[in-house]
Amino acid sequence: MPDIKITPLGAGQDVGRSCLLLSMGGKNIMLDCGMHMGYNDERRFPDFSYIVPDGPITSHIDCVIISHFHLDHCGALPYMSEMVGYSGPIYMTHPTKAIAPILLEDMRKVAVERKGESNFFTTQMIKDCMKKVTAVTLHQSVMVDSELEIKAYYAGHVLGAAMFWIRVASQSVVYTGDYNMTPDRHLGSAWIDKCRPDLLISESTYATTIRDSKRCRERDFLKKVHECVAKGGKVLIPVFALGRAQELCILLETYWDRMNLKYPIYFALGLTEKANTYYKMFITWTNQKIRKTFVHRNMFDFKHIKPFDKAYIDSPGSMVVFATPGMLHAGLSLQIFKKWAPNENNMVIMPGYCVQGTVGNKILGGAKKVEFENRQVVEVKMSVEYMSFSAHADAKGIMQLIQNCEPKNVMLVHGEAEKMQFLRTKIREEFSIETYMPANGETCIISTPVKIPVDASVSLLKAETRIYNAQPPDPKRRRLIHGVLVMKDNRIMLQNLNEALKEVGINRHVMRFTSKVKMDDPSPKLRTGETLLTLLREKLSGWTVTMQENCTITVETVEIKIEEDEKDPKHKTLLITWTNQDEDIGAYILNTLQNMC
């Protein structure tokens with residue numbers, strides 16, 4: 001049995017640094033190439049020495065697929081392609097190709113220019129890396145080479161996020177990246193057809209969570225924000241530049257309008273304009289409501305939300321600020337947090353998942369003091385709220401995807417080991433599907449049954465359809481195709497007998513079967529023949545039934561001859577003969593005549 005091998009270099013029983021090596025049918029594919037937000041040392045990037053101990057990896061990888069622009073899925077791409085060395089094809093969707101370099105550059109600035117880190121990629125390396133990228137559209141079948149085919153499906157989650165179906169010969173794998181099975185205010189829900197892959201590799205960030213009603217969550221969020229600003233507090237909402245940011249902005253904008261509130265709402269400078277540009281450019285990736293209203297009103301042109309200036313950090317009075325990044329591990333959101341955390345009137349709302357090691361993860365865990373690299377200690381007196389507006393599938397969504405695409409095996413990645421174990425048990429119980437959850441660096445080998453694709457000739461299929469349609473309706477009747485398997489030029493074709501004989505240059509030998517049916521009919525031979533002809537034409541409406549001058553009735557190779565007894569002409573014998581290729585129709589006619597006589 002041919003094997004599919006998967007080795008996580010990241011996201012194996014862990015969230016962050018998504019990078020999987022997939023080997024099947026002699027092809028090696030890298031699925032995502034992300035960085036870990038919780039580390040500032042060499043652990044932040046996947047360990048590419050696993051592929052080859054030293055030097056470029058181009059000869060070992062056939063292609064790289066990036067699911068979406070979040071840095072835990074694409075943050076190590078320039079490092080891998082320009083510093084480790086990879087010059088092969090890289091595939092991602094058009095929005096991902098447009099947005100990823102902006103986020104990579106923002107991250108590079110924070111790491112190198114503010115923190116002074118070395119061994120990091122440069123601006124030029126990001127540009128050189130993106131030149132190697134081929135952008136794909138949804139449902140477009142892309143042949144990487146003569147054997148490796150990929151196709152992207154809509155994943156929701158963020159603008160441009162895609163699941164990828166990957167096929168080599170008869171083996172296929174679906175890699176979900178991050179996805180969301182419920183539509184939100186600006187994106188639709190993930191969708192994939194019933195492709196029945198050998199393996200489904202699914203994220204499992206919220207493996208044990210079943211989210212409450214979205215409306216309740218939104219109401220709770222708006223109530224907490226309103227209460228905080230009403231008593232003079234400041235609300236910090238750490239977000240990533242695109243995705244939840246737009247979702248929550250639309251929510252607050254609508255609420256501020258409805259309640260006629262005047263408290264200022266700010267968004268990190270420059271990012272709103274960039275986000276607007278990309279949402280306009282890729283409007284087809286948003287949900288139906290936004291596409292419909294876009295002509296009359298751009299949902300992303302906000303009336304109440306203004307660009308943020310760093311001088312506002314120390315301004316007195318209430319305000320709501322959206323700042324990046326979303327896990328409080330660097331940048332403006334962390335800067336604001338340090339200033340506002342000691343004041344108990346203030347609030348921080350974490351709207352998404354926070355990786356272990358980040359400040360976001362620490363304060364959600366209840367930390368009242370946070371120590372930073374320069375020995376600075378910040379007291380956390382502000383209230384800390386977690387509200388899941390995360391665009392990841394919950395446990396119910398993951399089960400729904402499995403039901404939709406009917407995989408033969410499931411692999412869980414991008415999640416915490418304990419939660420994965422729980423979901424793995426549920427999948428096995430509900431679907432009886434073998435489920436894997438390898439750790440980083442652990443190779444998982446999945447055996448798949450050998451499938452031999454066989455083409456069938458058009459004439460053979462047409463003949464079968466005619467035979468099937470000519471018989472009385474019976475939904476339980478099996479549809480059988482009788483043909484000859486011919487192997488030529490590494491292709492296997494099921495052909496009808498004449499085509500196969502012609503292909504191999506052999507003369508045909510025909511074997512005929514004959515059965516007798518006795519009948520009593522005082523009518524002359526010709527009249528008996530006409531009666532039988534009428535009966536068979538009624539029963540075989542889709543067939544050509546003819547009678548020759550000697551009263552022989554023919555249907556395909558089936559012949560019905562009428563013989564009279566010389567002594568008593570009313571005793572007649574019907575001779576039904578057919579060749580083996582028309583055995584079904586011959587047997588059906590014989591049965592019909594036996595019942596009639």
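At what angle do H5 and helix H6 pack, and how far apart are their axes? In this predicted model, H5 and H6 (residues 244–259) pack at about 65°, and their axes lie 11 Å apart. The crossing of H5 past H6 is right-handed.

On the H5 side, the residues that meet H6 include Phe221, Leu222, Val225 and Val229. Their counterparts in H6 include Leu248, Leu251, Leu252 and Trp256. Sorted by class, the contact of H5 with H6 has ten nonpolar residues, one polar residue and three charged residues.

## A sheet of six strands

Now to the strands. An open sheet is built from six of them, in the order S14-S13-S15-S12-S16-S19, with parallel pairing. Strand S14 (305–308) and strand S19 (383–386) are the edge strands, each pairing on one side only. From one strand to the next, the twist averages 25°.

Look at one end of that order: strand S16 (residues 347–350) pairs with S19 in the parallel sense over four bridges. Ile349 has Glu385 in S19 as its bridge partner.

## Helices on the sheet

Helix H5 (residues 214–230) also packs on the sheet, where it touches strand S12 (234–238), strand S15 (319–323), S16 and S19. The direction of H5 makes about 140° with that of S12. Helix H9 (residues 331–340) lies across S12, strand S13 (265–268), S14 and S15, and runs at about 150° to S12.

## One face of H4

Helix H4 (residues 123–131) has Ile126, Cys129 and Met130 as its buried residues. Seen down the axis of H4, these residues fall within an arc of 95°, so they line one face of the helix.

Key. Residues numbered from 1 in each chain as written. Predicted model: local features only at pLDDT ≥ 70, side-chain atom pairs only at ≥ 80, totals over all residues. Heavy atoms only, no water. Pairing = 2+ DSSP bridges. Helix = DSSP H or I, 4+ residues; strand = E, 2+ residues; numbered from the N terminus. Axes fitted to C-alpha atoms, helices over the stretch in contact; angles between N-to-C directions. Contact = heavy atoms within 4.5 Å. Buried < 20%, exposed > 50% of the residue type's maximum accessible area, 1.4 Å probe, protein only. Arc of directions from axis to C-beta. Left-handed = near helix turned anticlockwise from the far one by under 90°. Nonpolar A, V, L, I, M, F, W, Y, C, P; charged D, E, K, R; others polar.
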